[in-house]
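Reader: Hi! Could you walk me through this one while I have it open?
Author: Happy to, just ask away.

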Amino acid sequence: MILTTTAPVARRETQAFLDQQHQLLIDGQWMPAASGKTFEVTNPADGKTIAEVAEGDKADVDKAVAAARRAFETGPWPAMTASERGKLIWKLADLMEQHIEELAEIESLDNGKPKAVAAAADVPLAIDLFRYMAGWSTKIEGTTIPISVPYLEGAEFHSYTLREPVGVVGQIIPWNFPILMAAWKLGPALATGCTVVLKVAEETPLSALRLGHLIQEAGFPPGVVNIITGFGETAGAALSAHPDVDKIAFTGSTEVGKLIVKAAGDTNLKKVTLELGGKSPNIILPDADISAAISGAANAIFFNHGQCCCAGSRLFVHRSQYDQVVEGVAAEASKIKLGPGMHPDTNMGPMVSRIQQDRVCGYLDIGMQEGAKALVGGKRADSSGYFVEPTVLVDTHAEMKVIREEIFGPVVAAVPFDDIDEVIATANDTIYGLAAAVWTKDISQGHRIAKRLKAGTVWMNCYNVFDASLPFGGYKQSGWGREMGYEAISLYTQTKAVTLQIG
């Protein structure tokens with residue numbers, strides 16, 4: 001059901017921001033693209049233009065990288081103490097907290113997600129991430145190492161390691177969680193003393209641009225954070241291949257991730273971290289709390305309109321509970337109210353773009369052709385916006401595209417199973433390995449299954465639980481490295497060994 005395409009108007013400060021001339025942030029200054037080009041940003045709930053932003057390309061990336069290099073090598077940034085860096089990051093979090101409602105509205109209008117969700121989850125999680133990383137600024141330590149050098153008998157040495165920032169970092173973020181992904185990327189880079197060129201998704205550039213204003217207000221030196229808006233094939237490709245970028249960090253599709261790896265390897269062998277796609281299995285055992293599992297399975301796939309790399313898009317249910325669970329998840333789906341993110345009663349907004357709506361509906365068409373049946377949903381909603389009905393597919397099998405490929409929409413494919421070994425093997429039968437879940441009252445069995453699942457995150461009797469201290473990333477083609485936690489800090493530093501002869 002579509003509530004309406006009409007929603008409450010944005011707050012005065014939100015509208016004032018939308019009406020601005022949106023430019024690139026380079027070396028502490030807002031400036032137009034070198035080409036003078038701009039592009040339109042639309043509200044996916046109705047397809048109407050809400051802003052115009054600068055269309056950056058290679059020339060702008062070159063300028064931003066040069067600014068980041070100056071800031072890293074000779075600007076005030078490397079002279080700051082770790083404590084001073086941490087205070088700036090904390091101040092940015094405080095400023096974000098003062099603007100939660102505005103940031104949530106920008107996110108809702110730009111991405112389509114419910115404002116209530118952005119205000120309760122996306123923005124607070126981003127704030128918490130910055131505060132967590134601010135604390136790490138003063139805790140990046142080396143070690144002392146007692147060494148023995150057999151060919152220098154009698155000599156004494158003092159050896160230690162330093163953990164130093166990688167340098168200039170190019171970061172490319174996706175459109176599904178724009179401000180949260182900006183925080184995930186910026187937080188550890190800034191805590192470790194790196195400088196950044198952040199390329200934001202062309203579909204959803206606005207919240208990162210607002211964040212850029214807050215970064216300036218917090219007092220970060222010029223060139224430490226540079227923000228480029230533009231398209232992946234121009235600005236993103238130029239950043240990935242830039243010879244003066246020391247590391248590239250990307251969140252997005254596995255296909256684009258492979259292109260970034262090639263670009264990095266063909267230029268300067270820059271370090272690469274990737275958080276890519278997923279086709280996550282959600283396993284419900286016969287002894288599970290079925291009511292909780294049904295609610296959890298619905299959350300696993302319908303949260304953020306299914307536009308999550310870790311969405312629980314493959315639902316495996318023991319045959320003895322299969323009918324009850326799929327009917328329960330279908331009932332949950334039928335209760336979801338579709339509407340613009342700014343409407344207070346909206347449970348699920350639109351897909352981020354017409355292209356994404358077409359992609360999801362294309363998979364639905366293929367699934368039906370291959371024999372799947374929609375227990376609920378199964379098509380685009382009748383609206384001027386980019387809505388897709390929450391969908392539960394049954395009668396699926398292992399070779400279907402809806403089972404094998406990432407759909408990135410509110411579509412779950414349900415499969416019955418009889419044997420635990422069988423379901424674990426099937427769950428692992430994918431090129432991805434980002435997340436998984438298991439529902440059971442037998443905690444010992446749950447832990448045994450978690451060890452056998454090839455995924456970077458395994459949830460037990462829950463789903464979509466994130467914390468700034470928990471590393472997040474994937475096995476196999478779901479990526480390289482981890483976001484959040486100390487592991488993210490380690491990926492923005494490099495180790496130097498120092499040895500002094502003392503006798």
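Reader: Which residue lies over the face of Tyr 492?
Author: That one is Lys 247, placed at 4.7 Å from the ring centre. Keep in mind that this is a predicted model.

Reader: Good to know. While we're on rings, how many aromatic pairs does a search of the whole structure find?
Author: The search gives 10 aromatic pairs. Ring pairs also tie Trp 184, Trp 459, Tyr 463, Phe 466 and Phe 472 together into a cluster.

Reader: Nice. Switching to strands: what is the order in the open sheet of three strands?
Author: The order is β5-β6-β20, and the pairing is antiparallel. β5 (144-145) and β20 (493-501) are at the edges with a single partner strand each, so one side of each has no neighbour in the sheet.

Reader: And how many bridges join β6 to β20?
Author: Nine, with the two strands running antiparallel. If you want a spot to look at, Pro 165 sits opposite Thr 493 in β20.

Reader: Now β9. Why is it called largely enclosed?
Author: Because five of its five residues are buried, β9 is largely enclosed by the rest of the structure. Val 225, Ile 227 and Thr 229 are buried on one side, and Asn 226 and Ile 228 are buried on the other, leaving both faces covered.

Reader: What unit do β8, helix α7 and β9 make?
Author: Together they form a right-handed β-α-β unit, with α7 covering residues 206-218. In α7, 10 of the 13 residues are buried, so this helix too is largely enclosed by the rest of the structure. Among the buried ones are Leu 206, Leu 209, Leu 211, Leu 214 and Ile 215.

Reader: What happens just after α7?
Author: Gly 219 follows, and it takes a positive phi of about 100°.

Reader: Last one: how does the span of α2 compare with what its 16 residues should give?
Author: It agrees: at 1.5 Å a residue, helix α2 (residues 58-73) should span 22 Å, and its end C-alpha atoms are 22 Å apart. Its buried residues include Val 61, Val 65, Arg 69 and Phe 72.

Reader: And what covers those buried residues of α2?
Author: The cover includes β1 (24-26), β6 (157-165), β7 (168-172), β8 (195-200), β9 (225-229) and α8 (232-241).

Conventions: Residues numbered from 1 in each chain as written. Predicted model: local features only at pLDDT ≥ 70, side-chain atom pairs only at ≥ 80, totals over all residues. Heavy atoms only, no water. Helix = DSSP H or I, 4+ residues; strand = E, 2+ residues; numbered from the N terminus. Expected span 1.5 Å × (residues − 1). Buried < 20%, exposed > 50% of the residue type's maximum accessible area, 1.4 Å probe, protein only. Contact = heavy atoms within 4.5 Å. Pairing = 2+ DSSP bridges. Phe/Tyr/Trp six-rings, centres within 6.5 Å; stacked < 30°, edge-to-face > 60°. Lys NZ or Arg CZ within 6 Å of the ring centre and 35° of its normal. Right-handed = clockwise from strand over helix to strand, strands pointing away.
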